[in-house]
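Colleague: I am new to this structure. Please take me through a single part of it, closely and in order.

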Amino acid sequence: MDFDIKKIRSDFPILSHTVYGKPLIYFDNAATTQKPECVINIISEFYKNYNSNVHRGVHLLSAKCTEANENARKTIQKFINANSSKEIIFTHGTTDSINLIATSFGDKFINKDDEIIVSELEHHSNIVPWQLLCERKQAKIKVLPFNEKGELIVDKLKNLISKKTKLITLNQVSNSLGTINPIKKIIEIAHSNNIPVMIDGAQAIQHQKVDVKKLDCDFYVFSGHKIYAPTGTGVLYGKEKWLEQMPPYQGGGDMIDVVTFKKTTYNELPFKFEAGTPNYIGNIALGKALDYVSSIGISNIAKHEKELLEYGTQKLSEIENLIIYGNAKNKTSVISFLINGIHPYDTGMVLDKLGVAVRTGNHCTQPVMDHYKIPGTVRASFAFYNTIEEIDVLYEGLLKVVKMFN
Amino acid sequence: MTIKDRQQDIVEEFEIYDDWMDKYSYLIELSKDLPIINEKDRKEENLINGCQSKVWLDAKFTDGKISFSADSDAIITKGIVALLIRVLSESTPQEIIDADLHFIDKIGLKENLSPTRSNGLLSMIKQMKLYAIAFKSKE
């Protein structure tokens, strides 16, 4: 299929909007992505025509919603090539998925003095749940560091692994630097030591083909809203062998089998981990978003985003005293930078008034900022609906910033 | 000059700019007028931590009037802080407690004071008023 950028942009209603009288240039895609019309429409269609609680009613509407919810699960299963839809748990997002694993897997498998290895590149959401677990269990966290380019120093992993290592958890792509981590290699090393691996795919799933079977990861988590689906949706993939052994995370409706005051038995996978009324219309819309991404083709998306990254990197590097943080050989379309002497907040405020939306600050990765000894960066993150011309506007805007603040 | 008069002056100064870039350039100019906090007062207790930019604020009480000094690591924030200090400094505690800072809205900077902007300015206004309450109790 040809990559028709005009057609693609017309699929996203917000992209034709203006801010402060200027065309919106949305470069904050690593924070959240915009939604295509088909996703917006399916939400409205279901609320207008079919809304009814899932897995409960005997009536037609409930059956229709249940079927659509379970079809979305199958779509996700196929999208990441999981063995079975039992391995796909609906959550509220990446953070929720990680907290589920930290609590449930943690309760069962982590004991006093055990060790969990996290990478230095992690988002706070893949640090703090493990710290909370370690406090509860008196376990320890060990950190796999990264080099000046923003690449993990995988050679150090072997020294960090011990007999007490019970889990390695890291992202596939760094949210603040864009580094694509060599997770296949890390998973191989971990498995050769009988250690399971959890992958935070929040910044990866929308940029490249993810095949959990090929990766052989034990857990893979991501958020719907970063892959063109609604907020409040998310996925936890776990190998059945782990999910079967793990205790329920939250109690409530839908996750039970038989409830008596003496003892309750739990529902089978995946429902064991889905307490309460699920965000079924969100889940259905997530399925739709994945269908949309598949219709564009993830390899077409990756190709266009690579062009944007290369052009953006080259263009921004022309600006005197501009430093790009994160120069890994393998990167997604994220450029994190600072102009020497100019506070990221000042840069972001001026760009905002020019219609360019970027994120400024520490991007919930304070350890990464501490590594470089900086308070934060300006982050421009591109999606497949962005264009070279938009990068030119960013470039011109940055020249204005330099002129204003120097 | 009352707090109200000083606010009126600022509103008139900003009226000539209809472009955001010019407004920001003017704020950058104003940031240079900020009474900078003494090095010894630039300490943790005086830090108002926003998520994105830091503001240090100190207050002195002499002859019944409060004077503020401050600093920020971001220049636009520093410019807005300079405006706040220009309006509120050299006033009595009661005047500061009663002050309605309508100029912020009139010059189009209201969004900078929204809690979601996380730049510490809202906390700074609160802190200025708290200083006023504290000094008033000593009067």
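Modeller: This is a predicted model. Chain A is divided into domain 1, made of 5–30 + 298–405, and domain 2, spanning 41–295. Let us look closely at where the two domains touch. Between the C-alpha centres of domain 1 and domain 2 of chain A lie 28 Å. Contacts link 20 residues of domain 1 of chain A with 20 residues of domain 2 of chain A. Take the domain 1 side. Helix 11 (298–317), strand 14 (334–339) and helix 13 (366–372) of chain A are the elements that each give two or more residues to the side touching domain 2. By type, the residues of that side of domain 1 are nine nonpolar, eight polar and three charged.

Now the sheet. Seven strands of chain A form an open sheet in the order 4-10-9-8-7-5-6. Its pairing is mixed. Strand 4 (88–91) and strand 6 (140–144) of chain A stand at the edges. Each has a single partner strand, so one side of each is left without a neighbour in the sheet. On average, neighbouring strands here are turned by 20° against each other, direction ignored.

Strand 9 (residues 219–223) and strand 10 (residues 234–238) of chain A run antiparallel, joined by five bridges. Phe219(A) has Gly238(A) in strand 10 as its bridge partner. A helix packs on this sheet too: helix 7 (residues 183–192) of chain A. Helix 7 touches strand 7 (165–171) and strand 8 (197–200) of chain A. The direction of helix 7 makes about 165° with that of strand 8 of chain A.

How values were computed: Residues numbered from 1 in each chain as written. Chains lettered and ligands numbered in written order. Predicted model: local features only at pLDDT ≥ 70, side-chain atom pairs only at ≥ 80, totals over all residues. Pairing = 2+ DSSP bridges. Helix = DSSP H or I, 4+ residues; strand = E, 2+ residues; numbered from the N terminus. Axes fitted to C-alpha atoms, helices over the stretch in contact; angles between N-to-C directions. Contact = placed C-beta atoms within 7 Å. Domains from an automatic or database assignment. Nonpolar A, V, L, I, M, F, W, Y, C, P; charged D, E, K, R; others polar.
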